[in-house]
Amino acid sequence: MTEIVKYGAAILIILGALLSLITTIGIIRLPDTYTRSHAASKSATLGIMFILTGALLFFWAEKGYISARLVLGIVFVFITSPVAGHLISRAAYYTNVPLWEKTVQDDLKMKKEASSVQTVETKQKMPQHS
Amino acid sequence: MKVNDLILQTVTKVVAFIILIFSIYLFWTGHYTPGGGFVGGLMASSALVLMLLAFDVKTIKNVIPFDYKMIIATGLFIAVATGLGSFVFDVPFLTHTFGHPHLPGLGEVSLATASLFDLGVYLVVVGVTMTIIQTIGESE
C-alpha cells in the first residue's frame, strides 16, 4: 500500500514538472501577452498543484502525517493564480498592448465602442429631456 | 466602459482570511517549528496590504479602525513588560519560563512566556509595515 502511494506521488510529481516545462515552452513560443498569460496561468497552476499533491501523498505514505500547510497551499494556488493571470491580462488590455496580428475577434473592443456610442447618445439626449 | 475590480475584490475577501489564519498559525508554531512573530507579523500585514490593493485606503480605514502607531507602542510595551516581569520573581531581566498546564478542552499544552515576547514582536512588525505602506500610499 505504502509503495503504491509512493509511486502515485512520484507519477504526480513528474507530471507536475512536465506541465511546468510545457508552461515555459508556451511562454517562450506563444506570440502575444494574452496567449502567454493563457499558458502561464493554466498549466503552471495545474503543474504546481500536481507537485504539491505529490509531496502531500509522499509525506503521508513515508512519515504518516498530512501536512495542513500543503493542503492550504494547493487551495491557495488554485484560487489566486488564475486571478493573477486575469489581472495581468486586463492591465495589458487597458494599457493598449496589441493583440496578435492574426486575431479575428475582439469582443471587448466591440463592447467598448458600443458603450461609448451609448454614452455619446445619452449626452446628446440630456438637453432634450431637461 | 466602466472598469470594475469585482474578481479581485471577491477573491480578496476569501484569500485575506486564509492569509490571516496562516499568519496566526505561523505565530503559534514558532516555538517548535519554523515561524514566529516576525514572519507571522509580515504575513498578517501582507493580508492587510492585499485588502488595500483591492479596495481603497478609506474603506480599509473604516473596516479596520486601528492606529498602527499605537500598535507599535503596544507591541513594544508588551515586549518590555515580559522582560520586566522577571524582576517580580527575583531573576535577571528577560528570563523566560515555561510549563505544561492542563487546559480544559485542549488537554496538556506547552505554554512559554517567550510567546508573550513574540506577541510584542508580531504587533511591532504589523505596525511598522502598515505605517510605512500607508504613509507612502497616502503621500501625493
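**View 1. Contact between chain A and chain B.** In this predicted model, 14 residues of chain A are in contact (heavy atoms within 4.5 Å) with 13 residues of chain B. The area buried between the two chains is about 1300 Å², taken as the accessible area (1.4 Å probe) lost on putting them together, summed over both. Carbon and sulfur atoms give 80% of that area.

**View 2. The salt bridge between chain A and chain B.** One salt bridge is counted between the chains, the term meaning a side-chain nitrogen of Lys or Arg within 4 Å of a carboxyl oxygen of Asp or Glu. R90(A) pairs with D5(B), with 2.8 Å between the closest N and O atoms. On the side of chain A that touches chain B, α3(A) gives the most, with ten residues.

**View 3. The second largest pocket.** This pocket holds about 230 Å³ of space, the volume being that filled by probe spheres set on grid points joined across faces, edges and corners. A pocket is an open set of points on a 1 Å grid over the protein atoms alone, where a 1.4 Å probe fits, with protein on both sides within 12 Å along at least five of seven lines; lining residues have an atom within 4 Å of a point. R90(A) is among the lining residues, as are Y34(A), H86(A) and D106(A). α3(A) gives the most to this lining, with four residues.

Residues are numbered from 1 along each chain as its sequence is written, and chains are lettered from A in the order in which they are written. Local features need pLDDT of at least 70, side-chain atom pairs count only at pLDDT 80 or more, and totals for chains, interfaces and linings use all residues, while side-chain values use heavy atoms, without hydrogens and water.

Definitions and conventions: Helices (H or I, at least four residues) and strands (E, at least two) are DSSP runs, numbered from the N terminus.
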